[in-house]
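Please keep the sequence and the three-dimensional view at hand while reading.

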Amino acid sequence: MHIVYVTFEFPGEMPIGGLATYISNISNIMRGQGHNVTVLTLSDKQNREYILENGVKIIALERYRYNGKLWRKQQTRIENIVNAMRIHRKLSDYEKVCKVDIVQAANVYGVGLFRTKTPTVVRLSSDSVIYREAERFIFDKEQFEEKLRFEDWLEYITEKRADAIFAPGNIIGSIVSKRIHRHVFTIESPFYMDDLKENTEIYHKELKNKKYFLIYGSLQNRKGTRVIAESLYMLLDKYRDIYFVFCGIDYGINKNGAMISAVSYLQRSAKEYDGRVIYLGVLPKNQLIPVIKGAMACILPSRIENLSNACIEAMGLGKIVIATANAGYGQLIAHNENGILFQRDSTVAVKKAVDYFLHMNDAQKEKMGQMAQKVIGHLDAEHCYQKIIELYETVVRNRESGI
């Protein structure tokens, strides 16, 4: 089968997030199963085509950016529409010279907005409505589920036109299913650790012999950075030998309408203990893995998640994850069995969860870590492959049958 993945981001072409990680992983898995795989992605670089060592073909289109004088929202809308048209044109031309069996497109930024003749599956990598509203200082998920803007309609149309839709996370899947009145399948993201050679340089330089909690992923309101910042002082004051380590892009904190640096907000919140708040920036995976392994536990305080790659990675490495309840982590974490859940946006709940962890004995921690790793076992490459190839084959079969 020849599969084309249409994406907004891909490693080496755009600053990577969860979507890029997923596309890289699933491309490797599908290629490893003998399928022909092409990735069509936007890029911060010039147009180019090349083949990776694993045989995956990359078609990168330089991302169109509007240079006129308009409000930022208007510029973004123009950019998304133009980029969607360019992706459609490129995909249509590619299909004329190369048989494609199925296209899997991301729902974000309109990259899958325009359909070609090839059967198309859409994966919900996020939901712009909920993710945007989760950046507010105060967030009420239920209040904003149906609040659509222009850019949200690009996702809405993309999702409505698809032959089939799936999401890695139950929460995002249920929100979108309710909005578009279509069934959304659940296919969880794979835990895929390629054969990388770990680089321990950053770990040894910054963290060796330190006891620390790791918070990794982008730094922003949606990811719960604010609630961690507002919990830091009381935790650092109570536990004088513990550090808090942060990895990820600093997108800033929206505090009552004003954007401020997330890192500076974290450090100011720690007051005289700011020396025990360590920001490592964005680390490549070969440097990040040793940092995860060296942590006492990972704290993931997001307000809403699809299915967190950070959570999957940490649990897959046998780490205890302390995460937000009712935010998507419950799909993987059973409270006090293979991880710890706490109430969203509550500094008191964060402190109680950390207290609980630190008062567990070594045997309890070891057992919880083992249970975490066991849960992630069903997200192996083979399990993911079987579920997604079944969906692909069903979609192709239905299209051939005229269903």
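Predicted model: local features only at pLDDT ≥ 70, side-chain atom pairs only at ≥ 80, totals over all residues.

## Aromatic pairs

The structure contains five aromatic pairs. In one of them, the ring centres of Phe8 and Tyr109 are 4.0 Å apart and the planes meet at 25 degrees; because planes under 30 degrees apart count as stacked, this pair is stacked. The two residues come from distant parts of the chain, 101 residues apart. Phe8 is in the loop between strand E1 (2-7) and helix H1 (18-32), while Tyr109 is in the loop between strand E5 (102-106) and strand E6 (120-123). Phe8 has a relative accessible area of 8% and is buried, whereas Tyr109, with a relative accessible area of 41%, is partly exposed.

Phe213 and Phe357 form an edge-to-face pair, with 5.7 Å from centre to centre and 65 degrees between the planes. Phe213 belongs to strand E9 (residues 211-216) and Phe357 to helix H12 (residues 347-358), so this pair ties together parts that are 144 residues apart in sequence. Both Phe213 and Phe357 are buried. Together with Phe244, Phe213 and Phe357 form one aromatic cluster.

## Charges over rings

## Positive phi angles

Most residues other than glycine have a negative phi. His181 has a positive value, with phi near 60 degrees. This residue is located in the loop between helix H6 (170-180) and strand E8 (185-186). Is His181 buried or exposed? Its relative accessibility is 67%, and exposed means over 50%, so His181 counts as exposed.

Asn336 also has a positive phi, near 65 degrees, and is a residue other than glycine. Asn336 is found in the loop between strand E15 (321-324) and strand E16 (340-342). With a relative accessible area of 34%, Asn336 is partly exposed.

## A buried glutamate without a salt bridge

Glu188 is situated in the loop between E8 and helix H7 (201-207). Glu188 is buried but has no salt bridge.

The side chain of Glu188 does make polar contacts. One is with the side chain of Gln331, at 3.0 Å, and another is with the side chain of His378, at 3.1 Å. When residues up to four places away in sequence are not counted, Glu188 touches Pro168, Leu307, Gln331, His378, Leu379 and Cys384.

Val395 is part of helix H14 (residues 381-400). Its relative accessibility is 6%, and since buried means under 20%, Val395 counts as buried.

Which residues are in contact with Val395, leaving aside its neighbours within four places in sequence? They are Ile102, Pro119, Val121, Asp163 and Ala164. One of these, Pro119, is 276 residues from Val395 in sequence, yet their C-alpha atoms are 6.8 Å apart in space.

Key
Residues numbered from 1 in each chain as written. Heavy atoms only, no water. Phe/Tyr/Trp six-rings, centres within 6.5 Å; stacked < 30°, edge-to-face > 60°. Helix = DSSP H or I, 4+ residues; strand = E, 2+ residues; numbered from the N terminus. Buried < 20%, exposed > 50% of the residue type's maximum accessible area, 1.4 Å probe, protein only. Lys, Arg positive; Asp, Glu negative; His and termini not counted. Salt bridge = Lys/Arg side-chain N within 4 Å of Asp/Glu carboxyl O. Polar contact = N/O pair within 3.5 Å; in protein donor to acceptor, adjacent residues only side chain to side chain. Contact = heavy atoms within 4.5 Å.
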